[in-house]
Amino acid sequence: MQYKVLVAAEFKDLNEDAFAEITGRLEEHGLEKIPTLNSTWEYACDAEDEADAKDNAIQAFTSVVRTYPCELGLVVQAGTSQIIRRKKKFDP
């Protein structure tokens, strides 16, 4: 089944150049930037259920961001299931 997952992110200690690189790489990995909201993306994926879709979105997002030293806060939502909140810190 096809799901669309909303991913909102907060980046701490990340410069503008790194943010621009992350945005480009996220788009290469299938995350579409939502232009009306800063640091928000939509991720379309095939998954068994909403929980699996959110896990796939988190994995795709963090695999891109992990190469940049920063603190990342995520809010992830798909369908009517519970919102996932995660914080991760990526060291250089």
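Contact here means heavy atoms within 4.5 Å. In this predicted model, residues 24 or more positions apart account for 59% of the contacts with a separation of 6 or more.

The protein has 2 helices and 5 strands, and along the sequence they follow the pattern β-α-β-β-α-β-β. Its radius of gyration is 13 Å, close to the 12 Å that the globule rule gives for 92 residues, so the protein is as compact as a globular protein of that length. The C-alpha trace spans about 35 × 20 × 20 Å along its principal axes. Of the 92 residues, 38% count as buried. The accessible surface comes to about 5,600 Å², and 47% of this belongs to carbon and sulfur atoms. The protein carries 11 positive and 17 negative charges, whose mean positions are 6 Å apart.

Leu14 lies in the loop between E1 and helix H1 (16-28). Leaving aside neighbours within four places in sequence, Leu14 is in contact with Phe19, Ile22, Tyr68, Pro69 and Cys70. Ser81, by contrast, is 67 residues from Leu14 in sequence and 31 Å from it in space, C-alpha to C-alpha.

Notes: Residues numbered from 1 in each chain as written. Predicted model: local features only at pLDDT ≥ 70, side-chain atom pairs only at ≥ 80, totals over all residues. Heavy atoms only, no water. Helix = DSSP H or I, 4+ residues; strand = E, 2+ residues; numbered from the N terminus. Rg over C-alpha atoms; globule rule 2.2 N^0.38 Å. Buried < 20%, exposed > 50% of the residue type's maximum accessible area, 1.4 Å probe, protein only. Areas by Shrake-Rupley, 256 points an atom, 1.4 Å probe, with all protein chains shown as cover. Lys, Arg positive; Asp, Glu negative; His and termini not counted. Charge placed at Lys NZ, Arg CZ, Asp CG, Glu CD.
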